[in-house]
Amino acid sequence: MSRHRDVRNMDYTEDYDGYDDVYGHSVDDDYYISPSNRQFIFNRENSRDQPKIGEFIRTEQDIQEEDESELATDLSDLDKARLESCIEQIKNTLGPLTISKNELANIVISNSYDVEKATNTILDMKNVQTERKEKVPSIKVVASGGKTTTNVTKGFDISQKDTVKLNTTPRSQSPASGRGTPVISQTEAVSEDSKVGKTKENKIDIETQYKKERGESKEHLYMVVIGHVDAGKSTLMGHLLYDLGQVNQKTMHKYEQESRKLGKQSFMYAWVLDETGEERNRGITMDVGRSQFETKTKHVTLLDAPGHKDFIPNMISGAGQADVALLVVDATRGEFETGFDFGGQTREHALLVRSLGVIQLAVAINKLDTVSWSKERFDEISQKLKTFLRQAGFREGDVTFVPCSGLTGQNLTQKPTENELLTWYSGPCLLEVIDNFRTPDRPVSKPFRLSVNDIFKGTGSGFCVSGRVETGSLNVGDRIMVCPNRELSVVKSLFIEDLSQTVVFAGDQATVTLSGIEMQNVSIGNVLCDPQNPVQVSSKFQARIVVFNLTIPITKGFSVILHHQSLVEPAVVRKLISQLNRSTGEVVKKHPRFLSNNTSAIVEIQVSRPIALELYSDCKELGRFMLRVGGVTIAAGLITKIVL
């Protein structure tokens, strides 16, 4: 730095020590500043004549601060709570508002705490403001001659037809931020309404469209296979699929060799449906296995549910997608009794599928070859199950009993060849029983509802959700609402069993690719619905429940786990409203202190967060639920009233 010192102007006669400590010491005394750099250094004396930097900035009016004084102090505590609740509901509905909190409070009070009226008042105020803003001022310019006048319009002179109103959104709601959903302008909303009108016109003849699309093809049936653990469900259905040609010889030989290495050769047919390594090593089904096969008149989708009590939530998810059920029981001495006694899954599974709306049931009495095809054993099991299933709500005409053997393949797809069985049984084989199931009516004319049971990333852009279409129909390009978050999305594509579709109907197990919404905003248990007829969202509802076997009576404040379709949510029984007669439904006792075994009652249940619900009278599929405690199903119920 010595070459920058002003050496020629320095006075060497003065004492140099402590020179840097002198107050007011300037850099110019020690260092030389070139003329080219000096012009950029601030000089207080010369700056007085120069324009201030504020003159270059366009002056704006000060932003008015919001009056943060307390709201209407003369209100009672109850009215203050109502006011805060109304303001919160309005903000949730309209989003960020430009009016102050005091103005909003005055509007709510003037409308007698009516949220709908207050919202309409605010929207009317917004429309008036936007109309004022849209009036473009015109300036008259008089020429020097004084005769001709022309109107000069500020901005672009565009005809009203071509104007498109843009609705700006805050950063937190913009699509680029990854949060929120795009805000639709009024003109776009009008066009959307016209589109919705067109789609409504197109959907008038949904029944005709359904018959046209599905009339010529085989009826589609979803069948869930249930039963106690180790009853032979996977082996039975794996052998059935093999006999029907759904599994080739090469794959079956591979399963046989691999199962023999593990010392589990009898599990070779079960591996057709148990595909994961953990399931094969443990020898039990853990998740719902899926497969398809065809009978003479039906296309059947098979849902192989787990039998172990630890995986009952998966079983409930699979049973919720089913139209009919196949109950598999083990005929071996002692094994049937283990599954049928209290704590066994034969009872619980039968109660669960009946509570989930399944009314047709086939009972496959498996492993009958271990008791030498004994007719007495078959009759004994049939009689016990008939009594129990009648109590569970099944009609005798809807229950069929079939003797079979999953390992040997007797009486699965063809008539039996065993002489011991032929001497006393001449009924249909298992495949014929499945073919004789009645296909339930599909509510295709009701508003669209789809319960989400799986979410995954697709191959292209967007993501996929899969689930059962409970009611209505869905087309590619339709706008849908995801509840309970109430976020809008667009259907990009539809698939059924990996086959692309343009439309899906009630009863289909569909995969929907969504766009316009983030993947983290959708979760299992959500419901996709029609934006014009959205599903109700609430955290509290009243229901009629049937109590099963209890160890601890249900009292007020009793904590339970609610199973609603694929949703699993903690809940609390808030009120015991009345106890009912199980057969007649009459009120036996109002406000009982507790509910014991095998009782029916009307209760009020509150969940930890709002969920998508429907009344049982409006949508049977979304109006059913289960209550479980400690891994045991204690009650099943129907939603009778939603408390908003």
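# Close-up views of a predicted model

**View 1. Helices α12 and α13 pack against each other.** In this predicted model, helix α12 (residues 345-355) and helix α13 (residues 375-392) have axes 10 Å apart and pack at an angle of about 35 degrees. Their crossing is right-handed. On the α12 side, the contact is made by Thr 346, Arg 347, Ala 350, Leu 351 and Arg 354. On the α13 side, Leu 385, Phe 388, Leu 389 and Ala 392 take part. Sorted by type, the residues of the contact of α12 with α13 are six nonpolar, one polar and two charged.

**View 2. Helices α10 and α12 also cross.** Helix α10 (residues 312-319) and α12 have axes that come within 10 Å and cross at roughly 35 degrees. The crossing of α10 and α12 is right-handed. From α10, the contact uses Ile 312, Met 315, Ile 316 and Ala 319. From α12, the partners are Gln 345, Glu 348, His 349, Leu 352 and Val 353. The residues of this contact of α10 with α12 divide into six nonpolar, two polar and one charged.

**View 3. Helix α12 and its buried residues.** How many of the eleven residues of α12 are buried? Nine of them are, so α12 is largely enclosed by the rest of the structure. The buried residues of α12 are Gln 345, Thr 346, Glu 348, His 349, Ala 350, Leu 351, Leu 352, Val 353 and Ser 355. After α12 comes Gly 357, which has a positive phi, near 100 degrees.

View 4. Helix α8 (residues 249-261) has 13 residues. From its first C-alpha to its last, α8 reaches 19 Å, close to the 18 Å expected at 1.5 Å a residue. Met 252, Tyr 255 and Ser 259 are the buried residues of α8. These residues lie on the same side of α8 because they cover an arc of only 60 degrees around the axis. Gln 249, Lys 250 and Lys 261 are exposed, on the face of α8 turned away from its buried side. Just after α8, Gly 263 has a positive phi of about 75 degrees.

View 5. Gln 246 is placed in the loop between α7 (233-243) and α8. Its relative accessibility is 45%, so Gln 246 counts as partly exposed. Leaving aside neighbours within four places in sequence, Gln 246 is in contact with Leu 241, Gln 292 and Phe 293. Gln 246 and Val 272 are 26 residues apart in sequence, while their C-alpha atoms are 9.7 Å apart in space.

View 6. Ser 112 is found in the loop between α3 (101-110) and α4 (115-134). Tyr 113 has its place in the loop between α3 and α4. Ser 112 is not a glycine, although its phi is positive, about 55 degrees. Tyr 113, a residue other than glycine, has a positive phi near 60 degrees. Are Ser 112 and Tyr 113 buried or exposed? Ser 112 has a relative accessible area of 54%, so it is exposed. Tyr 113 has a relative accessible area of 16%, so it is buried.

View 7. Ser 493 is placed in strand β13 (residues 487-496). Ser 493 counts as buried because its relative accessibility is 18%, and the cut-off for buried is under 20%. Apart from neighbours within four places in sequence, Ser 493 is in contact with Val 476, Thr 511, Val 512 and Thr 513. Ser 493 and Gly 477 are 16 residues apart in sequence and 7.7 Å apart in space, C-alpha to C-alpha. Pro 484 has its place in the loop between β12 (479-483) and β13. The peptide bond from Cys 483 to Pro 484 is cis, with omega near 15 degrees.

**View 8. The protein chain as background to the close-ups.** The protein chain has 15 helices and 24 strands. Of its 644 residues, 41% are buried. Among the contacts in the protein chain with a separation of 6 or more, 68% are between residues 24 or more positions apart.

How values were computed. Residues are numbered from 1 along each chain as its sequence is written. This is a predicted model: local features need pLDDT of at least 70, side-chain atom pairs count only at pLDDT 80 or more; totals for chains, interfaces and linings use all residues. Side-chain values use heavy atoms; hydrogens and water are left out. Helices (H or I, at least four residues) and strands (E, at least two) are DSSP runs, numbered from the N terminus. The expected span of a helix is 1.5 Å times one less than its number of residues. Buried means under 20% relative accessible area, exposed over 50%, partly exposed in between (1.4 Å probe, protein chains only). The arc is that of the directions from the helix axis to the C-beta atoms. Axes are lines fitted to C-alpha atoms, for helices over the stretch in contact, and angles run from 0 to 180 degrees between N-to-C directions. A crossing is left-handed if the near helix is turned anticlockwise from the far one by less than a right angle, and right-handed if clockwise. Contact means heavy atoms within 4.5 Å. Ala, Val, Leu, Ile, Met, Phe, Trp, Tyr, Cys and Pro count as nonpolar, Asp, Glu, Lys and Arg as charged, and the others, Gly among them, as polar.
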